[in-house]
Amino acid sequence: MEIEEHFFRHEFGRIVATLTRLFGVHNFALAEDVTQDAFCRAMETWKLRGLPDNPSAWLMTAAKNRALDILRRQRTARVSEPELTRFLQSEWTLAPTVEEAFSAHAVKDSQLRMMFSCCHPHLSEEVQIALILHILCGFNVKEIAQAFVSSHAAIEKRITRGKNTLAGSTKLFDLADADLPSRLSSVLQALYLLFNEGYHGSSPEAAVRMEPCQEAMRLMNLLIEQPTLATPRSYALAALMYLNAARLPTRLDGSGNLVSFFEQDRSSWDHNLIAEGQALLNLSASGTELTKYHIEAAIAAVHTSASSSEDTDWAQIISLYDMLIAIHPSPIVALNRAIAIAQLDGPERGLQEIQIIHDLHRLASYPFYPATLGELELRRGNYPVAKAHFSTALSLARNPMERNFLQRRIDTCKEG
Amino acid sequence: MNDFVYLYRGYQLPATPDELQKKNAKWMAWLKDLSDKGHVRSLGEPLQPVGKVVKGAKKQVIDGPYTEAKDVVGGYSIIVAWNIEHAVELSMGCPIFEDGGSVEIRPIGQIELDNGD
């Protein structure tokens, strides 16, 4: 038997969240140390004696015993949430309370509460996401720096700031708190950004990275398992993730090159994920709330239900983009809308729509803005103009995949 | 509201980890219920069945407790109740009875100021 690739990463999140619940969030550093310690002991023991039958249970037991020791030794010094503290202070109830905190149900609950704590309103979105990746997904500073194209020092600073804010609370966010709706929307936004970071990666090494997407989906699944959190908005975001993830592998070809949406091999889309995404989208369609997640998921669903680009209901996609711009104006959304218009009414109309995009200057460093202009000019047969746009795009490219992709488009212009 | 001490007599530690876990869960459930209803001043502690007794003017030290196993105090809690009848009623759910043990219920005494009359 072998440990699966992300074993320690995922166990880290489960154990550290559980220990934080027991020790109190102001003792987060202790919870981290105890978790690391349990991992080190596991590695040493397993190296000598081989892997246990259930590595996850082994780690949990190690952490549980260590927690019991610490709570016994420093009983009165540890103040966790008041309702828990009294049961941790008597031998009558100490062991069963620790046992209960490590039950499958409580571990999930602690992870969720940790996720909500990471999205503290005093923290910026980028700090929230860094914290989630670090604490719940077990990413180290270097891995987060890679995922966000940031320096090691910048990420370290974000995480330190985040941890200080965490440690300033008395307990993990309570899912029964009156602030739940607003905190839930911050959590969803953080998971949305995390997913997008993998999907439209700005990483210098790769244009598409499965990992942030998978982590966002793993946390999203944890969230919608909890009935009070499974709101229409949550289902809509989950649907969006599933429907986009279904297309994820086809965004790169066999040699790791970025593939234009119009050239993706639709038969390689993951039909199980599409079916699940569609089911989630149906679940999201209750209540009166219409969020950007609903609309983006609906757009993704129009794509995944079409057998080809020609067969796609572009009129519906345009009207969905209109709705999206109404509630969430953004030049990137407007650019995508213009692309859909070009599909329906031809490249000239697409180019006209691009001209009138509000805040167009915000796309100045976005390589797919000139790339889109190039694409539409190419379709009109304006090869030199198209080539010039693609060259501009190439100068803005953020990773080798984007560079290769744009170089190939330039070559196409030359052929024309 | 008044405070009462519960002295649990005849508490027995189970032989197997499985039984221990079951027994722990029962005590936990009972004490948690009392606590949630606001009847617990202090959960108290269980006690080991061994110890020493220091006794008499000569402060003689003997191994104790010297009573029979079923009468040894196996732990205590401090409970809040309206009166002794209420405290008795609250004790009825205690898992000690499954061990054939008993709960001794004692109101906490008051030591008055000596006003020197």
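Trainee: Which residues of the largest nonpolar core touch the most other members?

Mentor: The model is a predicted one, and the description that follows should be read accordingly. The largest nonpolar core contains 117 residues, and those that touch the most other members are I132(A), L191(A), L237(A), A239(A), M241(A) and A297(A). Helix 12 of chain A contributes the largest share of this core, 11 residues.

The crossing of helix 12 of chain A and helix 13 of chain A is left-handed. On the side of helix 12 of chain A, the contact is formed by P232(A), Y235(A), A236(A), A238(A), A239(A), Y242(A), L243(A), A245(A) and A246(A). Helix 13 of chain A answers with L273(A), I274(A), E276(A), G277(A), L280(A), L281(A), L283(A) and S284(A). By class, the residues of this contact between helix 12 and helix 13 of chain A comprise 14 nonpolar, two polar and one charged.

Helix 1 of chain A (residues 7-23) and helix 6 of chain A (residues 104-118) have axes that come within 8 Å and cross at roughly 85°. Helix 1 and helix 6 of chain A are therefore roughly perpendicular to each other. From helix 1 of chain A, the residues G13(A), R14(A), A17(A), T18(A), T20(A) and R21(A) meet V107(A), S110(A), Q111(A), R113(A) and M114(A) of helix 6 of chain A. The contact of helix 1 with helix 6 of chain A divides into three nonpolar, five polar and three charged residues.

Further along chain A, P347(A) belongs to helix 17, residues 347-355. P347(A) counts as buried because 20 C-beta neighbours lie inside 10 Å. Not counting residues up to four places away in sequence, P347(A) touches A342(A), L376(A), R379(A) and R380(A). P347(A) and L373(A) are separated by 26 residues in sequence, while their C-alpha atoms are 9.2 Å apart in space. The loop between helix 17 and helix 18 (368-380) of chain A holds D359(A). Although D359(A) is not a glycine, this residue has a positive phi of about 65°. D359(A) is exposed, since 11 other C-beta atoms lie within 10 Å.

The C-alpha atoms of chain B fill a box of roughly 60 × 40 × 20 Å along the principal axes. Of the 117 residues in chain B, 23% are buried. Among contacts in chain B between residues at least 6 apart in sequence, 75% join residues at least 24 apart.

The contact between the chains takes 12 residues from chain B and eight residues from chain A. On the side of chain B that touches chain A, helix 1 (17-36) and strand 2 (40-46) of chain B each supply at least two residues. Helix 1 of chain B gives the largest share of that side, seven residues. By class, the side of chain B that touches chain A has six nonpolar, four polar and two charged residues.

One feature of a loop in chain B remains. K59(B) is situated between strand 3 (51-55) and strand 4 (60-64) of chain B, in the loop that joins them. K59(B) has a positive phi of about 50°, although this residue is not a glycine. K59(B) is exposed, since 7 other C-beta atoms lie within 10 Å.

How values were computed. Residues are numbered from 1 along each chain as its sequence is written. Chains are lettered from A and ligands numbered from 1 in the order in which they are written. This is a predicted model: local features need pLDDT of at least 70, side-chain atom pairs count only at pLDDT 80 or more; totals for chains, interfaces and linings use all residues. A crossing is left-handed if the near helix is turned anticlockwise from the far one by less than a right angle, and right-handed if clockwise. Helices (H or I, at least four residues) and strands (E, at least two) are DSSP runs, numbered from the N terminus. Two residues are in contact if their C-beta atoms, placed from the backbone, lie within 7 Å. Ala, Val, Leu, Ile, Met, Phe, Trp, Tyr, Cys and Pro count as nonpolar, Asp, Glu, Lys and Arg as charged, and the others, Gly among them, as polar. A residue is buried if 20 or more other C-beta atoms lie within 10 Å of its own, exposed if 12 or fewer, and partly exposed in between; C-beta atoms are placed from the backbone. A nonpolar core is a set of buried Ala, Val, Leu, Ile, Met, Phe, Trp, Tyr and Cys residues joined through C-beta atoms within 7 Å. Axes are lines fitted to C-alpha atoms, for helices over the stretch in contact, and angles run from 0 to 180 degrees between N-to-C directions. Angles under 35 degrees count as roughly parallel, over 145 as roughly antiparallel, 65 to 115 as roughly perpendicular and the rest as oblique.
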